[in-house]
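Take a moment with the sequence and the 3D view. Then read on, one feature at a time.

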Amino acid sequence: MGARRPGRRRGGVRVRETAARGGAERRGSRPGRPMVDRPRYAAYEAVAAVHRDDAYANLVLPAILTDAGLFGRDAAFATELTYGTLRHLGTLDAILTAAAGRDVQRIDPPVRDALRIGAYQLLHTRVPAHAAVSSTVDLVRMVGQGATGFANAVLREVAARDVDEWVSRLAPPIDSDPVGHLALAYSHPQWIVRAFNEALGGDFGETTRLLIEDNERPPVHLCARPGLIDPVDLADEVGGAPGAFSPYAVYLAGGAPGELAAVADGRAHVQDEGSQLVANALAMAPVDGPDGRWLDLCAGPGGKSGLLGALAAQRDARLTAVEVAEHRARLVAGATQGLPVTVLHTDGRLVGTESKLPEEHFDRVLVDAPCTGLGSLRRRPESRWRRQPSDLSALTRLQRELLAAGLRAVRPGGVVAYVTCSPHTVETHVTVTEAARRSGVPVDFVDARTVLPAGMPGLGDGPTVQLWPHRHGTDAMFLALLRRT
């Protein structure tokens, strides 16, 4: 057992000051006051906030860690428990249902979330089984008094098999039901597995590799803003490595990138390498005629605007960044401070009626449309459980309207980049072809592969490009380039 140190109280419970990952926690001397270690309790708070309040883990967890005073290994352990539990939630719930002999949705929500964290430790970490069971029972005693016996029995049943044995027992046969099997084995809703498989041409082997990659912890990607810092210098400064594809990417193994000096002073920002590639592709695409007026039609929270603004500064151009949500417009303003960027708080669909968004005015237009976000499930694992197929209708209508507005905004000879962080074919190929057809604006597709790094693998036959986590190590970004004729 870990050494016992003085604890502090939270919610009437003494919270251990050390993680004691390898051993069971000691209970306090008074009944009803168990010792609960801080990393596990922090993970519980984050998972509970996601399920109780529809929060996003990447937004609530940093504040929880700060409030708990967790740093270094303890913060890393809490983060692993939080994101691991959320990524594997579907499989964990199926296993807990079998172990409990009742549908997991019938278990009291606080107890259910504690059991999920305990099951994750048992099945996916090197935490000893006795420590995982004991610490989770203590947590259940805290959040769901009277359920400790139930929790102990369920977790011991979970521990009786490893995860492969559970999947073999619970998943339908892969030969007769490959979608159902992969959904349970790799913890994705069936409709998402089906959508990924369709986008990958029906290749279940490659779909499996994508699902596996979706459940891995993604590296932190930084963008070295051109003209402000060289990516090699940034890599040296932060202890990272230059990216594989984007000329501005730097990879970090982990840590708190917001605390880096280069991020704090605006020389760099956190941005997936795929997002860097599609923004840079728009800047690299050839245009006929002048090249000084750029437009980001859906700019929040400002990552792509930050990169485009830095590129515009090098080329004596100016970017107009449009964002319909006021709080996101403020984020864009903060992200582009000091760059030649004008932020408009308005609806991008108002091109032609908003005086600052005239038709046939801009040389380059980015339409980074709102989407299901299925391409970034590595970073926001809870999204896979929130999104539903019914979301697609409203989203694709909005995507078509925004792309049509972007086509109206670009001048003849200029280029529009349509981007989504989703590989769903309805949000990608269907949306872009339908919007182009209905817009009444004459356009030609530009082969997007020509403005991505030479020799980059797995880009398909063109003219559009789909990036993938398992092929490129990026979010699953889609890119189509259209030139107005």
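Where is the place of Val-270? Val-270 sits in strand β7. The model is predicted.

Val-270 counts as partly exposed, at 46% relative accessibility. Leave aside residues up to four places away in sequence, and Val-270 touches Val-220, His-221, Leu-222 and Pro-257. Take Leu-222. Along the chain, Val-270 and Leu-222 are 48 residues apart. Yet 4.5 Å separates their C-alpha atoms.

Gln-271 lies in the loop between β7 and α14 (273-284). Is Gln-271 buried or exposed? Gln-271 counts as buried, because its relative accessibility is 6% and the cut-off for buried is under 20%. Its contacts, not counting residues up to four places away in sequence, include His-221, Leu-222 and Cys-223. Gly-303, Lys-304 and Leu-307 are also among them.

## The whole chain

Now step back. The protein chain has 20 helices and 15 strands. Along the principal axes, the C-alpha atoms fill a box of roughly 75 × 55 × 40 Å.

How many of the 485 residues count as buried? The share is 55%.

## One side of helix α12

Which residues of helix α12 (residues 231-238) are buried? Pro-231, Leu-234, Ala-235 and Val-238 are buried there. These residues cover an arc of only 100° around the axis, which puts them on the same side of α12. An α-helix has 3.6 residues a turn, so residues three or four places apart point the same way.

What covers the buried residues of α12? The cover includes the strands β4 (220-224), β5 (241-242), β6 (249-252) and β7 (268-270). Helix α13 (261-264) is also part of it.

Most residues other than glycine have a negative phi, and most peptide bonds are trans. Some spots in this model go the other way.

Asp-54 is not a glycine, yet its phi is positive, about 55°. Asp-54 lies in the loop between α1 (38-53) and α2 (57-68). Ser-187 has a positive phi too, near 55°. Its place is in the loop between α9 (178-185) and α10 (190-199). The surroundings of the two can be set side by side. Asp-54 counts as exposed, at 55% relative accessibility, whereas Ser-187 is buried, with a relative accessible area of 0%.

## Two cis peptide bonds

Which residues does the cis bond with omega of about 0° join? This bond joins Gly-300 and Pro-301. Pro-301 lies in the loop between β8 (293-296) and α15 (303-314).

The peptide bond from Gly-462 to Pro-463 is also cis, with omega near -5°. Pro-463 is found in the loop between β13 (443-446) and β14 (465-466).

Key: Residues numbered from 1 in each chain as written. Predicted model: local features only at pLDDT ≥ 70, side-chain atom pairs only at ≥ 80, totals over all residues. Heavy atoms only, no water. Helix = DSSP H or I, 4+ residues; strand = E, 2+ residues; numbered from the N terminus. Buried < 20%, exposed > 50% of the residue type's maximum accessible area, 1.4 Å probe, protein only. Arc of directions from axis to C-beta. Contact = heavy atoms within 4.5 Å.
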